[in-house]
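Trainee: Could you pick one part of this model and go through it closely with me? I would like the geometry together with the cut-offs behind each term.

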Amino acid sequence: NAGIPNFTAAGSLKYDKNTDPLLWRITPSDSELAAAMAVEAHKLGYKSGAILFQSGTPDTQLGPDVQRIFAKLGGSITNLQFFSVNQTSYLSEVEKSLAGNPQCIFVDIPATNAATIMNDYREVNGLNDQFIGTTLTAAVTFTKAVGATVVHSHLVSLQPGSTGSGPAVKRFLRGYARANGVSRKTA
């Protein structure tokens, strides 16, 4: 109501068709994250994959988007499923994801469930899997939950956006400083 612009780092698909002139998204859409995941799997030579994403998020289209884009690149998805968070075991979901012998598993797993899920993969097949993850799996809390060895040996995480020192940020800060009479040191 005050006419103040707002910025969001949310990749949520609900902002893909934003009509609010005061709301600006500063990260790519999760639909671009889906494309990046599919392209990364293709680039790594994977021809088949399974998808295991958490349910109850606003972006349940992310899994089907990965499936659609991966198929366009010549890949096939052996299993697409969503899991409920905070379960004591995910053995059923893990077994289903491995049933079609996928070469990789696309995952969207919060750190709070990471240890349980990865331990279930270890129990079923010795954690002999390759994972392609989202921003959630790129978090430090995820690495702490499953261990750096697991992350470095079995996981590629894709994280949209740029760092606070990238060229786009520098250009924005220069423009902001000029437009508002602010010193670059304080912008």
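Mentor: Happy to! Let's start with α3 and α4, whose axes come within 9 Å of each other and cross at roughly 60 degrees. The axes here are lines fitted to C-alpha atoms, for helices over the stretch in contact, and angles run from 0 to 180 degrees between N-to-C directions. Helices (H or I, at least four residues) and strands (E, at least two) are DSSP runs, numbered from the N terminus. Before going further, keep in mind that this is a predicted model, in which local features need pLDDT of at least 70 and side-chain atom pairs count only at pLDDT 80 or more, while totals for chains, interfaces and linings use all residues. Residues are numbered from 1 along each chain as its sequence is written, and side-chain values use heavy atoms, with hydrogens and water left out.

How are α3 and α4 oriented to each other? They are oblique, given that angles under 35 degrees count as roughly parallel, over 145 as roughly antiparallel, 65 to 115 as roughly perpendicular and the rest as oblique. The crossing of α3 over α4 is right-handed; that label applies if the near helix is turned clockwise from the far one by less than a right angle, and left-handed if anticlockwise. On the α3 side, L91, V94, E95, S97 and L98 meet I117, D120, Y121, E123, V124 and N125 of α4, where contact means heavy atoms within 4.5 Å.

Now look at α3 on its own, residues 91–98: the buried ones are E93, V94, S97 and L98. Their arc around the axis is only 130 degrees, which puts them on the same side of α3. Buried means under 20% relative accessible area, exposed over 50%, and partly exposed in between, with a 1.4 Å probe and protein chains only; the arc is that of the directions from the helix axis to the C-beta atoms. As background, an α-helix has 3.6 residues a turn, so residues three or four places apart point the same way. The cover over the buried residues of α3 includes β3, β4 and β5 as well as α4 (111–125). Seen from the sheet, α3 lies across β3, β4 and β5, and runs at about 170 degrees to β4.

That sheet is open and has five strands in the order β4-β3-β5-β6-β7, with parallel pairing. Its edge strands are β4 and β7 (155–157), each of which pairs on one side only. From one strand to the next, the twist averages 20 degrees. Two strands pair if DSSP finds at least two bridges between them; β6 (131–133) and β7 have three, in the parallel sense. One of the partners to look up is L155 in β7, which bridges to F131. Another helix, α1, packs on the sheet too, touching β3, β5, β6 and β7, and its direction makes about 160 degrees with that of β5.

The buried residues of α2 (62–72) are L62, G63, D65, V66, I69 and F70. They span an arc of only 160 degrees around the axis, which puts them on the same side of α2. Packed against them are α1 (30–43), β3 (48–54), β4 (76–83) and β5 (104–108).

Between α3 and β5 sits N101, with a phi near 55 degrees, positive although the residue is not glycine; N101 is exposed at 64% relative accessible area. In the loop between α4 and β6 you will find L127, again a residue other than glycine with a positive phi near 55 degrees, but L127 is buried at 4% relative accessibility.
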